[in-house]
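Please look over the sequence and the structure below before reading on. The paragraphs that follow go through a few parts of the structure in turn.

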Amino acid sequence: MSTEGQRVAVVTGANRGLGYAIARGLAEQGLHVVLTARSEQAAEQAAAKLRGEGLSVSSHQLDVTDPASVARAMADTGFTYGRLDVLINNAAVAIDRGQAASTVDMEKVRATIDANLMGAWRCCTAAIPEMRKIKYGRIVNVTTHMSTFGQMGTGSVAYRVAKTGLNALTCILAAELHDQNILVNAASPGKVDTRLAYGKAEQSPEEAADTFAWLATLPDDGPSGQLFYRREALAW
Ligand SMILES: NC(=O)c1ccc[n+]([C@@H]2O[C@H](COP(=O)([O-])OP(=O)(O)OC[C@H]3O[C@@H](n4cnc5c(N)ncnc54)[C@H](OP(=O)(O)O)[C@@H]3O)[C@@H](O)[C@H]2O)c1
């Protein structure tokens, strides 16, 4: 498949849910999407479905908790397509529902931070060298309203803390990369109808994907270091 002239996006955790909808949304905008998942087979099955719709999508194994897997996926993308323009840090786990900070299972905290914060961070450090080579990059971190200080409360405490860390990472990377044409933003999808959904869904994955596809294709003078919901900036 020729991807000549196309920007190339890597989406993590894209075999189902919001990640899959974001992959479709980006491919519909003309990007080539490297659809990744921790299972190689699940990634290829999902990519094949989108290719069946005529979209430019390939697959790669990528487990965000495995540094070697992350490094391989980003390096292979750069080598195969000659570029890596966009990274969508979507993969996450929600394994601590109903847990309180004062009594939480610390193993769940460790696993949540490893996937939801360090996983995204690993992907950034592996993807940014590829972006520097082409003097262009768009990084979009999938966060949640539950991680903003205005909506902080108890329950899902490791999930909240990990995503709050991801918000901080977004601001830090945006500051570090502001003069390199690499824009870094975060967006909350709101309550989306997926396996992970918190409470009653407000929108479908396809509706929620719109904001992420928009942030992935911002012009060079677009915002960086900000949090969005439905294309509107929110307070951290
Ligand atoms: N749904 C909501 O209401 C909602 C609200 C706010 C924020 N979000 C955020 O939206 C994002 C997508 O979630 P979703 O709602 O689409 O949930 P989902 O359907 O449960 O999808 C989560 C995805 O992450 C993948 N994943 C988990 N651990 C991984 C790892 N170590 N390496 C690579 N992939 C991994 C899963 O892969 P497997 O299939 O292998 O498990 C799956 O593809 C997450 O960042 C979540 O925090 C969702």
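Two residues are in contact if their C-beta atoms, placed from the backbone, lie within 7 Å. Keep this in mind for what follows. The model shown here is a predicted one.

Start with Val-11, which is found in strand 1, residues 8-11. Leaving aside neighbours within four places in sequence, Val-11 is in contact with Gly-19, Ile-22, Ala-23, Val-33, Leu-35, Thr-36, Ile-88 and Asn-90. Is Val-11 buried or exposed? A residue is buried if 20 or more other C-beta atoms lie within 10 Å of its own. Val-11 has 34 other C-beta atoms within 10 Å, so Val-11 is buried. The C-alpha atoms of Val-11 and Ala-100 are separated by 31 Å, and the two residues are 89 residues apart along the chain.

Next comes a pair of helices. Helix 1 covers residues 17-28 and helix 6 covers residues 205-216. The two pack at an angle of about 55°, and their axes are 8 Å apart. Because of this angle, helix 1 and helix 6 are oblique to each other. Their crossing is right-handed. On the side of helix 1, the residues that meet helix 6 are Gly-17, Leu-18, Tyr-20, Ala-21, Ile-22, Gly-25 and Leu-26. Helix 6 brings Pro-205, Glu-206, Ala-208, Ala-209, Asp-210, Phe-212, Ala-213 and Ala-216. By type, the residues of this contact divide into 11 nonpolar, two polar and two charged.

The ligand is surrounded by 31 residues, and the closest are Gly-13, Gly-17, Ala-91, Ala-92 and Leu-196. Helix 1 and helix 4, residues 106-134, are the elements that give two or more residues to this shell. The shell as a whole divides into 14 nonpolar, 12 polar and five charged residues.

Last, consider the backbone angle phi. Most residues other than glycine have a negative phi. Lys-135 is not a glycine, yet has a positive phi of about 55°. Lys-135 sits in the loop between helix 4 and strand 5, residues 137-142. With 10 other C-beta atoms within 10 Å, Lys-135 is exposed. Arg-230 also has a positive phi, near 50°. The place of Arg-230 is the loop between strand 7, residues 227-229, and strand 8, residues 232-234. Arg-230 has 16 other C-beta atoms within 10 Å and is therefore partly exposed.

Note on methods
Residues numbered from 1 in each chain as written. Predicted model: local features only at pLDDT ≥ 70, side-chain atom pairs only at ≥ 80, totals over all residues. Axes fitted to C-alpha atoms, helices over the stretch in contact; angles between N-to-C directions. Helix = DSSP H or I, 4+ residues; strand = E, 2+ residues; numbered from the N terminus. Parallel < 35°, antiparallel > 145°, perpendicular 65-115°, else oblique. Left-handed = near helix turned anticlockwise from the far one by under 90°. Nonpolar A, V, L, I, M, F, W, Y, C, P; charged D, E, K, R; others polar. Buried ≥ 20, exposed ≤ 12 C-beta atoms within 10 Å, placed from the backbone. Near = placed C-beta within 6 Å.
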